[in-house]
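The sequence and structure come first.

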Amino acid sequence: QVQLVESGGGLVQPGGSLRLSCAVSGISFRVFTMGWYRQAPGKQRVLVATITSGGSTYYVDSVKGRFTISRDNAKNTVYLQMNFLKPEDTAVYYCNVKLISTYWGQGTQVTVSS
């Protein structure tokens, strides 16, 4: 079955960095677009970034220039490098893949606070 497992979250001070990972199994990883989403307390889950099978990327305006999405097809893993973190980046971060159904990981908490 399809499984997505996120890791790498934690507590970081404003201006700091974190690197999230999402290990994927059960699909031909290299052919699918992967996405990172986040859900802040009391808010809806929203898109953060995507990366296609060819490596094309998309970022929402609020993270452009600070976050970088990448993938390693040999490791079936997608990454989200987050730099210059702000308190408003605090959220649970999820990776996502859309097949006939949409699959989500369990999420990883990122807290940006001094």
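Over the ring of which residue does the charged end of R71 sit? In this predicted model, the charged end of R71 sits over the ring of F29, 4.5 Å from the ring centre. A second contact of this kind involves R45, whose charged end lies over the ring of W104, 4.5 Å from its centre.

**Aromatic pairs**

The count of aromatic pairs is 2. In one of them, the ring centres of Y37 and W104 are 4.9 Å apart and the planes stand at 75 degrees, so the pair is edge-to-face. Y37 belongs to strand β4 (residues 34–39) and W104 to strand β10 (residues 102–104), so this pair ties together parts that are 67 residues apart in sequence. Y37 counts as buried because its relative accessibility, 13%, falls under 20%. W104, at 35% relative accessibility, counts as partly exposed.

The rings of Y94 and W104 have centres 6.3 Å apart and planes at 85 degrees, so they too form an edge-to-face pair. Since Y94 lies in strand β9 (residues 91–98) and W104 in strand β10, the parts tied together here are 10 residues apart in sequence. Y94 is buried, with a relative accessible area of 12%.

**Salt bridges**

Side chains of opposite charge can pair when their charged atoms come close.

| Residues | Distance (N to O) |
|---|---|
| R38 and D89 | 2.9 Å |
| K64 and D61 | 3.1 Å |
| R66 and D89 | 2.7 Å |

The salt bridge between R66 and D89 links distant parts of the chain: R66 is in the loop between β6 (57–59) and β7 (67–72), D89 in the loop between β8 and β9, 23 residues apart. The side chains of R38 and D89 also meet in a salt bridge, with R38 in strand β4 and D89 51 residues apart. R38, R66 and D89 are linked in a network of salt bridges.

D61, which meets K64 in a salt bridge, counts as exposed at 62% relative accessibility.

**Strand β1**

Strand β1 (residues 3–7) has L4 and E6 on its covered face, with Q3, V5 and S7 on the uncovered one. β1 runs antiparallel to strand β3 (residues 18–25), and 5 bridges join the two. S7 stands opposite S21 in β3.

Definitions and conventions:
Residues numbered from 1 in each chain as written. Predicted model: local features only at pLDDT ≥ 70, side-chain atom pairs only at ≥ 80, totals over all residues. Heavy atoms only, no water. Buried < 20%, exposed > 50% of the residue type's maximum accessible area, 1.4 Å probe, protein only. Helix = DSSP H or I, 4+ residues; strand = E, 2+ residues; numbered from the N terminus. Pairing = 2+ DSSP bridges. Phe/Tyr/Trp six-rings, centres within 6.5 Å; stacked < 30°, edge-to-face > 60°. Lys NZ or Arg CZ within 6 Å of the ring centre and 35° of its normal. Salt bridge = Lys/Arg side-chain N within 4 Å of Asp/Glu carboxyl O.
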